[in-house]
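Biologist: I have a chain open on my screen and would like to discuss it with you. May we go through it step by step?

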Amino acid sequence: MAPALSHLVYDVSHSYDIVLWTMLPLLALTGVLFLAMGTYPADPDGLALAKD
């Protein structure tokens, strides 16, 4: 979907500047959301996937 939207913006404006400047805040928001998830929860039993 993103390539099609990028191409549409390029067709209208003859530049990718709008797409790139729009992606910067979205990239920053994604980073903030990943940081808000916190650390990976600890497995109290060790490696649970290794157990049968």
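Biologist: To begin, is His14 buried or exposed?

Modeller: His14 is exposed, because its relative accessible area is 63%. Buried means under 20% relative accessible area, exposed over 50%, and partly exposed in between (1.4 Å probe, protein chains only). Please note that this is a predicted model, in which local features need pLDDT of at least 70, side-chain atom pairs count only at pLDDT 80 or more, and totals for chains, interfaces and linings use all residues. Residues are numbered from 1 along each chain as its sequence is written, and side-chain values use heavy atoms, with hydrogens and water left out.

Biologist: Where does His14 lie?

Modeller: His14 lies in the loop between H1 and helix H2 (17-36). Helices (H or I, at least four residues) and strands (E, at least two) are DSSP runs, numbered from the N terminus.

Biologist: What is the phi of His14?

Modeller: The phi of His14 is near 60°, a positive value in a residue other than glycine. Most residues other than glycine have a negative phi.

Biologist: How many helices and strands does the protein chain have?

Modeller: The protein chain has two helices and zero strands. H1 has 12 residues and reaches 16 Å from its first C-alpha to its last, close to the 16 Å expected at 1.5 Å a residue. The expected span of a helix is 1.5 Å times one less than its number of residues.

Biologist: Which residues is Ser6 in contact with, leaving aside its neighbours within four places in sequence?

Modeller: With those neighbours left aside, Ser6 is in contact with Tyr16 and Val19. Contact means heavy atoms within 4.5 Å.

Biologist: How many aromatic pairs does the structure hold?

Modeller: The structure holds one aromatic pair. The rings of Tyr10 and Tyr16 have their centres 4.6 Å apart and their planes at 20°, so the pair is stacked. Rings of Phe, Tyr and Trp (its six-membered ring) pair if their centres lie within 6.5 Å; planes under 30 degrees apart count as stacked, over 60 as edge-to-face and the rest as tilted.

Biologist: Why does Tyr10 count as partly exposed?

Modeller: Tyr10 counts as partly exposed because its relative accessibility is 33%. Tyr16 is also partly exposed, with a relative accessible area of 40%.
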